[in-house]
Amino acid sequence: MKQEFLWGAASSAYQIEGAYLEDGKGLSIWDVFANTPGNTKDNTNGNIACDFYHRLEEDVALMKECHLKCYRFSLSWTRILPNGRKEVNKQGIAYYQSLCKLLKEAGIEPIVTIYHWDLPQNLEDEYGGWLSEKIVDDFVHYAQVCFEALQDYVNYWIVINEPNIFTEHGYLRAVHPPKMKDMNAYLKSYHHTVIATAATVHLFKLYNYPGKIGTSLAYMPGKSMPQYDSAKNLYQITQLDWFFDPLFLGEYPKEAMEYYGQHLKDIDLYKHQQLMKSAAQEIDFIGVNYYQSTWVISAESGFELISNPSLPKTSYGWTIDPDGLMQTLTALHEKYHKPIMITENGYGGKDILINHMVHDDERIDYLREHIEMMEKAYKTGIDIIGYCCWSFTDLLSWLNGYEKRYGLVYIDFNDSALPRVRKDSFFWYKQLIIQGEKQ
Ligand code: BGP
């Protein structure tokens, strides 16, 4: 990989910061949702989480020790704008400025995600959040406050994390706020994320802010037996192209419009086409989160996704498929011709702390195999600019509480001091980066 390749790790505000009511922060939909009994696994919430809010020095020192070249984190909208708009919370801004400063001093490039799912509750209450086009102006205003405040430190911006996942979980599957099961709401909310992203990218370029801007989506490539090729194709068009095309080509795939048909009522996919087209040109890179592939078979509804019978799984049943990463990178490169940053990739499992050590061999194997595949893809000419493993420390899993661990650093959540313990994967990743530095 190139000398300047961004080896790093990723996280998000709600999953690590805690301090949910401190220093002027307003409530997000996740604060409210997770504090309502029955909504999350074992009623876990991010009220304290990893207490990253109070431990910047300690955790950034660990990142430096691990030789990270970049650290991807998200900003909490309500820490910066407690009501979602207008009044700026200076303490929130100061907090993120000091995080960026610490990272820079440690030689670590901050990669900032503007939005990782924690919408201001106020905007949800006022007009239904992502269901209303009103969100676009509020989002762009928030993004500009972030650009203004952090432009001296940040060279890589990611507009929204996985809009394809949070809209599905929130509006179609009712497992995230606002707990809806409505196809039309799902498609509508997604469309508003597209417009908000396009408008943000356009503003970033118009004001000539320094650095590069991209956005991150989840990609789960489909595999199938040859007899199910048409099912796989339908999956590709309606579940992958549908989300990526409007952001990186500036238009939705026509075939998928037919597929969604009447569910698209009240959604004008063409109204902002000019903006979508120009932002698709202007956006600098594709952020992709890859964890697993899926097995596609045909079904009455066109296709069905099942677990791949011939591939190994994590203890949480996620398919382990490094080849799927190659499939992902190749598909994105060939279709959109933009540099790619792998903004998430990692192994979620139940780690055990024994004598202040965590032997997480499965995680090391997972990371090694995926990184090798990425390097192979890179050698074929795919422009890959960075790799962020998910995650640096253990953190709150949206659907699996504190039990499912992804970190290179273990956190003992049963101990109120929240001690940090370097896992075997921490030392392994550190060596990998050091070797890269020598090349
Ligand atoms: C991605 C999210 C992350 C993280 C990860 C692991 O979709 O962007 O925030 O949660 O998935 O997911 P989980 O914790 O559900 O295993």
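Helices here are DSSP runs of at least four residues, numbered from the N terminus. In this predicted model, leucine 27 sits in the loop that runs between helix H1 (13-16) and helix H2 (29-34). Leucine 27 is partly exposed, with a relative accessible area of 39%. Together with Leu21 and Val32, Leu27 makes a nonpolar surface patch of about 240 Å².

Now for a sheet. Three strands form an open sheet in the order E6-E8-E9, with mixed pairing. Strand E6 (222-223) and strand E9 (304-306) stand at the edges with a single partner strand each, so one side of each has no neighbour in the sheet. E8 (residues 294-297) pairs with E9 in the antiparallel sense over three bridges, and tryptophan 295 stands opposite isoleucine 306 in E9. Helix H10 (residues 229-248) packs on this sheet and touches E6, E8 and E9.

Next, the charges. Side chains of opposite charge can pair when their charged atoms come close. The structure holds 27 salt bridges, including these:

| Salt bridge | Closest N to O |
|---|---|
| Glutamate 344 and arginine 72 | 3.1 Å |
| Aspartate 351 and arginine 363 | 2.9 Å |

Glutamate 344 lies in strand E10 (residues 340-344) and arginine 72 in strand E2 (residues 70-74), so this pair ties together parts 272 residues apart in sequence. Glutamate 344 is buried, at 4% relative accessible area, and arginine 72 is buried too, at 0%.

What about lysine 335 and aspartate 245, buried or partly exposed? Lysine 335 is partly exposed at 32%, whereas aspartate 245 is buried at 5%.

Aspartate 351 and arginine 363 are both buried.

Key:
Residues are numbered from 1 along each chain as its sequence is written. This is a predicted model: local features need pLDDT of at least 70, side-chain atom pairs count only at pLDDT 80 or more; totals for chains, interfaces and linings use all residues. Side-chain values use heavy atoms; hydrogens and water are left out. Patches are made of residues with over 30% relative accessible area and no salt bridge: like charges are joined within 9 Å, nonpolar side chains (Val, Leu, Ile, Met, Phe, Trp, Tyr) within 5 Å. Accessible areas come from the Shrake-Rupley method with a 1.4 Å probe; for residues, only the protein chains shown count as cover. A salt bridge is a side-chain nitrogen of Lys or Arg within 4 Å of a carboxyl oxygen of Asp or Glu. Helices (H or I, at least four residues) and strands (E, at least two) are DSSP runs, numbered from the N terminus. Buried means under 20% relative accessible area, exposed over 50%, partly exposed in between (1.4 Å probe, protein chains only). Two strands pair if DSSP finds at least two bridges between them. Contact means heavy atoms within 4.5 Å. Axes are lines fitted to C-alpha atoms, for helices over the stretch in contact, and angles run from 0 to 180 degrees between N-to-C directions.
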